[in-house]
Amino acid sequence: MPLRKQTDPIKIERILKLVFSQPRPPVARCRLLSSGFGHGYMFDTQDNLTGSKACLGCGCCMDACPVLARDPRRRSRLESRTSLALETLVGEDCDRCGNCALACPQVDTSIKHYLVQTHLAEGMAELLEKATSDEAMVLDLVLSSGLQYP
Ligand code: SF4
Ligand code: SF4
């Protein structure tokens, strides 16, 4: 639901590189770097939410996280479905896959495109560099990277 005029990732590239280089869930920081609600949001509230970058508590980031998918017991430690809950449950075990930022409705599409075109492409290149002719090793690398395949 971001604004039509969104954050230009090139203008904040240094910050985005830092965010995506750290083994910590990036979604909350990507949300705060985004444009916030556009004027046409459909929430029925008394307050005007335009521009709000708040977490909606939708849990999409948690559903998309491979760390939580691999370990359902970790997931069940908290009831809430927010970016704070994701940070608490995953912390520095983050795989740096970027899925949470891609799944969040409050993250600008411009930042998501940047993530796919830079960080994820670099991750795939790293993966291919490490790959050998041994298919089992390639599969292990893919699984441990948290990348999702159809
Ligand atoms: S593992 Fe991926 S989805 Fe989970 S917190 Fe880290 S970047 Fe987000
Ligand atoms: S996906 Fe939903 S729960 Fe996660 S940070 Fe975005 S708005 Fe909050």
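Biologist: What percentage of the 150 residues of the protein count as buried?

Modeller: The share is 29%. Keep in mind that the model is predicted. A residue passes as buried when 20 or more other C-beta atoms lie within 10 Å of its own.

Biologist: What makes Arg96 partly exposed?

Modeller: Arg96 has 17 other C-beta atoms within 10 Å.

Biologist: What is the phi of Arg96, and where does Arg96 lie?

Modeller: Its phi is positive, about 60 degrees, although Arg96 is not a glycine. Most residues other than glycine have a negative phi. Arg96 sits in the loop between helix H6 (83–90) and helix H7 (99–103).

Biologist: How many helices and strands does the protein have?

Modeller: Nine helices and zero strands.

Biologist: What makes the largest nonpolar core a core, and how many residues has it?

Modeller: It has 25 residues. Members must be buried, of the nonpolar types or Cys, and joined through C-beta atoms within 7 Å. Val27, Cys61, Cys65, Leu86, Cys100 and Ala101 have the most contacts inside it.

Biologist: Which helix gives the most to this core?

Modeller: H6, with four residues.

Biologist: How do you know what Ala101 touches?

Modeller: Contact requires C-beta atoms within 7 Å. Not counting residues up to four places away in sequence, Ala101 touches Pro26, Val27, Cys30, Val107, Lys112 and Leu115.

Biologist: What share of the contacts with a separation of 6 or more joins residues 24 or more positions apart?

Modeller: 67% in this protein.

Note on methods
Residues numbered from 1 in each chain as written. Chains lettered and ligands numbered in written order. Predicted model: local features only at pLDDT ≥ 70, side-chain atom pairs only at ≥ 80, totals over all residues. Helix = DSSP H or I, 4+ residues; strand = E, 2+ residues; numbered from the N terminus. Buried ≥ 20, exposed ≤ 12 C-beta atoms within 10 Å, placed from the backbone. Contact = placed C-beta atoms within 7 Å.
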